[in-house]
Amino acid sequence: MPIEGGCSCGGVRYALASPPMVVHCCHCTWCQRETGSAFVVNAVIEADRLRVTRGAADYVPTPSASGKGQEIARCPTCRVALWSHYAGSGRKSAFVRVGTMDDPAACPPDVHIFTASKQPWVVLSDGAPAFADFYPTSQGVWSDEGRARWKALMQG
């Protein structure tokens with residue numbers, strides 16, 4: 001710790017003060033469109049544990065499949081997406097794009113979600129559980145610590 005990362009031009013840098021609560025690899029068509037890739041890998045963390053160490057991000061309102069939208073934090077210069085705030089938890093949590101981390105290998109997916117719409121040439125062989133849609137909270141995807149942190153975040 002901390003986990004550090006930033007955009008392509010170096011204008012925005014960040015540090016995570018603790019490991020993420022959970023890491024999602026989302027294969028939904030919305031994430032595919034928004035990233036221009038086959039999926040997105042997001043490390044979910046409390047927003048107060050995400051510290052911007054250089055620059056400032058622009059917040060871009062973006063539609064989402066839920067219809068509630070999200071805010072994507074982007075570098076104002078190179079426009080790289082660094083993290084998102086989704087409507088469910090707002091700015092209490094941040095879904096940090098693992099690909100922007102200095103060492104993305106430090107945050108492999110805990111779960112693959114929305115695999116019903118994954119690209120057929122994507123082969124899931126990392127051993128993480130996979131769900132056609134989102135997963136039931138009873139599935140044990142989150143660690144006990146992660147669940148406790150999320151509960152505290154949502155009650156705070």
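Leu 50 touches Tyr 14, Ala 15, Leu 16, Trp 83, Ala 94 and Val 96, where residues up to four places away in sequence are not counted and a contact means heavy atoms within 4.5 Å. This is a predicted model, in which local features need pLDDT of at least 70 and side-chain atom pairs count only at pLDDT 80 or more, while totals for chains, interfaces and linings use all residues. Residues are numbered from 1 along each chain as its sequence is written, and side-chain values use heavy atoms, with hydrogens and water left out.

Leu 50 is also one of the residues with the most contacts inside the largest nonpolar core, a group of 21 residues in which Tyr 14, Leu 16, Trp 83, Val 96, Val 98 and Met 101 are listed beside it. A nonpolar core is here a set of buried Ala, Val, Leu, Ile, Met, Phe, Trp, Tyr and Cys residues joined through side-chain atoms within 4.5 Å, and buried means under 20% relative accessible area, exposed over 50%, and partly exposed in between, with a 1.4 Å probe and protein chains only. Two or more residues of this core come from each of strand 2 (13-16), strand 3 (22-26), strand 4 (40-46), strand 8 (81-86) and strand 9 (93-97); strand 4 gives the most, with three residues. Helices (H or I, at least four residues) and strands (E, at least two) are DSSP runs, numbered from the N terminus. A second, separate core has 15 residues, among them Met 21, Cys 26, Val 111 and Leu 153.

Helix 2 covers residues 144-155, and its twelve residues reach 17 Å from the first C-alpha to the last, close to the 16 Å expected at 1.5 Å a residue, a span taken as 1.5 Å times one less than the number of residues. Which residues of helix 2 are buried? They are Gly 146, Arg 149 and Leu 153, and they line one face of the helix because, seen down its axis, they fall within an arc of 65°, the arc being that of the directions from the helix axis to the C-beta atoms. These buried residues pack against strand 4 and strand 9, whereas Asp 144, Lys 151 and Gln 155, on the other side of helix 2, are exposed.

On a 1 Å grid over the protein atoms alone, a cavity is a set of points where a 1.4 Å probe fits but cannot get out, and a pocket is an open set with protein on both sides within 12 Å along at least five of seven lines, while lining residues have an atom within 4 Å of a point. Grid points are joined across faces, edges and corners, and a volume is the space filled by probe spheres set on the points.

| Space | Volume | Element giving the most to the lining |
|---|---|---|
| Largest pocket | about 830 Å³ | Helix 1, four residues |
| Largest cavity | about 30 Å³ | Helix 1, three residues |

Of the 33 residues that line the largest pocket, His 24, Tyr 86, Phe 95, Ile 113 and Phe 134 are the closest to its centre. The largest cavity is lined by Cys 31, Glu 34, Thr 35, Val 40, Asn 42, Tyr 86 and Arg 97.
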